[in-house]
Amino acid sequence: MGNCYPKPVNNLSSTNNSSAVFRSDVKKKEPMIVKHPSTAAEGGSDSGSAANASGETVPPSGRIVTPNLKMFTFYELKSATRNFRPDTMLGEGGFGRVFKGWVDGETYAPSKVGIGIAVAVKKSNPDSAQGLKEWQAEVKFLGKFSHPNLVRLIGYCWEDKEFLLVYEYMQKGSLENHLFKKGAEPIPWNTRIKIAIGAAQGLAFLHTTEKTVIYRDFKSSNILLDGEFNAKLSDFGLAKLGPANGESHVSTGVVGTYGYAAPEYIATGHLYVKSDVYGFGVVLLEIITGLRVLDTNRPSSQHNLVDWARPSLPDRRKLRKIIDPRLEQDYPSKGANKASELILSCLEPDPKNRPSMEEVVVILEEISAIKTKPKEANVKTPRSTGPHSDRRYQSANQSPFHARNGRGVRADNRSPIRSY
Ligand SMILES: Nc1ncnc2c1ncn2[C@@H]1O[C@H](COP(=O)(O)OP(=O)(O)OP(=O)(O)O)[C@@H](O)[C@H]1O
Ligand SMILES: [Mg+2]
């Protein structure tokens, strides 16, 4: 049995390398200085309460806490996941694989399936040179925040070349799976808006916390859902402290994910708090259309959802054609119009013209209060007549996009943008 040493965790320091490196599968992160997690809450308004997994009540407003993360041994996590058995695997991302395990609710000692609490164990890919850096950023940021819309980090393990993170288990997995996975049950409009509100509240918390944090990797695969479809943000591997001393932005190497990264950030390496708002606009567009931001399986003019959908957003008639047909028209037109206005404002090219995430939350709450009128659910969508219509893809209630798009096709929108 090996030990998981309390290896240090600390601040991300950015490189000022403006040349973006585009990669397709391997995650690359920035270098960082190393420090112990117990000191990672520097500058935080420490309430003295720990972000532990003992089920303590989390206030809705969220807070900065002294990290009190459990240090697991590799053996314990191996045991909790039954030797990382393939059938316990929940998914796989750039960092590595994620497994479902079971631990005692009090001591976190490994337990048998169904006994104690379920946890998600993220195990770094041993070939990834970036595993350590991502692991450190996750412990640094997530370890010190406690908020209902941020996934709870329970503990970690670092042993030789193995870096692991232990999170609360999110029963319904990622939003990405619900929106795009083949055979997934369609999510109703109200639930979609509820998810958007939760994710927006998570971002708003990060942006307004004492030291502004820019999340930098906002996307549907990083929004996890609990049993009641409450959304929580995961993956703080790219999170970065926001501008200080009255600055509007931080200059940094370009990292993130194609499709979601804000244009000003990709072009200049200038990262604004509002760069996250752009990513939010992209995800909201995915939520209402049920389409991935990038999908090379669509006709080339439609590869990029933002470019394709933007002209339809201000036009109510065109908007109806791009809304997810799996909603079967069961949504309030007024709410959809308001959502499309919100998306457009989040996607404004100039970050200054985008709303704050707090403003986004307010608008989403207004949208959620708009109910579907009974007759709206029966309205048929007119056939597409827009510039992108193509008879091959037409069917009732379907835009060319939807008809063409194979559900569950993993698109290249996950290709991270990395630079060093
Ligand atoms: N806490 C959790 N509870 C339940 N499932 C989880 C949890 N964390 C991750 N998963 C599952 O594991 C999958 C992979 O997650 P991971 O964050 O490693 O990669 P990703 O988000 O798909 O890609 P990326 O590496 O670009 O962030 C998720 O899509 C989700 O289905
Ligand atoms: Mg992720």
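Me: In strand 6, which residue is the bridge partner of Gly 101?

Reply: This is a predicted model, in which local features need pLDDT of at least 70, side-chain atom pairs count only at pLDDT 80 or more, and totals for chains, interfaces and linings use all residues. Residues are numbered from 1 along each chain as its sequence is written, while chains are lettered from A and ligands numbered from 1 in the order in which they are written. Helices (H or I, at least four residues) and strands (E, at least two) are DSSP runs, numbered from the N terminus. Here the bridge partner of Gly 101 in strand 6 is Val 119.

Me: How many bridges join strand 5 to strand 6, and what order do the strands of the sheet have?

Reply: Two strands pair if DSSP finds at least two bridges between them. Strand 5 (residues 96-103) and strand 6 (residues 117-124) run antiparallel and are joined by 8 bridges. The open sheet has 6 strands in the order 3-8-9-6-5-4, with mixed pairing. Strand 3 (70-71) and strand 4 (89-92) are its edge strands, each pairing on one side only.

Me: Which strands does helix 2 touch?

Reply: Two residues are in contact if their C-beta atoms, placed from the backbone, lie within 7 Å. Axes are lines fitted to C-alpha atoms, for helices over the stretch in contact, and angles run from 0 to 180 degrees between N-to-C directions. Helix 2 (residues 131-142) packs on the sheet and touches strand 5, strand 6, strand 8 (153-159) and strand 9 (162-168), its direction making about 35 degrees with that of strand 9.

Me: How many residues surround ligand 1, and where does it lie?

Reply: A residue is near a molecule if its C-beta atom, placed from the backbone, lies within 6 Å of it. The shell around ligand 1 has 24 residues, the closest being Gly 91, Gly 93, Gly 94, Ala 120 and Met 170. Strand 4, strand 6 and helix 3 (175-180) each give two or more residues to this shell, and the largest share, 3 residues, comes from strand 4. Domain bounds come from an automatic or database domain assignment; ligand 1 lies between domain 1 (63-168) and domain 2 (173-393), because both give residues to its shell.
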